[in-house]
Amino acid sequence: MPETPEVPRSGADVSGFALILGIVATICALIPMIGDGLATLPALAALVLGFITVRRHETDHTVRVWPAIIGAVLGAITLFVVVAMFLMSELFG
């Protein structure tokens, strides 16, 4: 009996966007002149898109999940650094 071809999964693949936003957020957080304010929005977007893609992967609606996981991790690390730098600047002047 011939094998049936795999049906492509539906839905937009946003894992690449999560990875790109995570990288952009990390670069923005590392450049002193750009600052933490501009790093916050791409970091949050990378985190949200990463969670959406992982959730869709659990229900078999997306193919690539590792770029989304990496983007979400980069976004979370960047948010942690931004919050830590903000608290340090507020506490110690």
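**Reading the model**

The mean pLDDT (the predictor's confidence in each residue, from 0 to 100) of the protein chain is 85, and 85% of its residues reach 70 or more. This is a predicted model, in which local features need pLDDT of at least 70, side-chain atom pairs count only at pLDDT 80 or more, and totals for chains, interfaces and linings use all residues. Residues are numbered from 1 along each chain as its sequence is written, and side-chain values use heavy atoms, with hydrogens and water left out.

User: How many helices and strands does the secondary structure of the protein chain have?

Analyst: Helices (H or I, at least four residues) and strands (E, at least two) are DSSP runs, numbered from the N terminus. Read from that end, the elements run α-α-α. The count is therefore three helices and zero strands.

User: In which helix of the protein chain is confidence highest?

Analyst: Where pLDDT is low, the predicted coordinates should not be read in detail. Confidence is lowest in α2, at a mean of 89. The highest value, 93, belongs to helix α1 (residues 15-30).

User: At what angle do the axes of helix α2 and helix α3 cross?

Analyst: Axes are lines fitted to C-alpha atoms, for helices over the stretch in contact, and angles run from 0 to 180 degrees between N-to-C directions. The axes of α2 (residues 35-58) and α3 (residues 66-92) come within 7 Å. They cross at roughly 145 degrees.

User: How many nonpolar residues does the contact of α2 with α3 have?

Analyst: Contact means heavy atoms within 4.5 Å. Residues of α2 including A43, L47 and G50 meet residues of α3, among them A72, G75 and L79. Ala, Val, Leu, Ile, Met, Phe, Trp, Tyr, Cys and Pro count as nonpolar, Asp, Glu, Lys and Arg as charged, and the others, Gly among them, as polar. By class, the contact has six polar residues, one charged residue and, as the number requested, 13 nonpolar.

User: Which residues make up the largest nonpolar core?

Analyst: A nonpolar core is a set of buried Ala, Val, Leu, Ile, Met, Phe, Trp, Tyr and Cys residues joined through side-chain atoms within 4.5 Å. Buried means under 20% relative accessible area, exposed over 50%, and partly exposed in between (1.4 Å probe, protein chains only). The largest such core has five residues in all: A25, A43, L47, A72 and L79.

User: Is G22 buried or exposed?

Analyst: G22 is found in helix α1. Not counting residues up to four places away in sequence, G22 touches A46, G71, L74 and G75. Because its relative accessible area is 0%, G22 is buried.

User: How far apart are the C-alpha atoms of G22 and G75?

Analyst: G22 and G75 are 53 residues apart along the chain. Their C-alpha atoms are separated by 4.9 Å.

User: Why does P67 count as buried?

Analyst: P67 is found in helix α3. Leaving aside residues up to four places away in sequence, P67 touches S15 and L19. P67 counts as buried because its relative accessibility is 18%.
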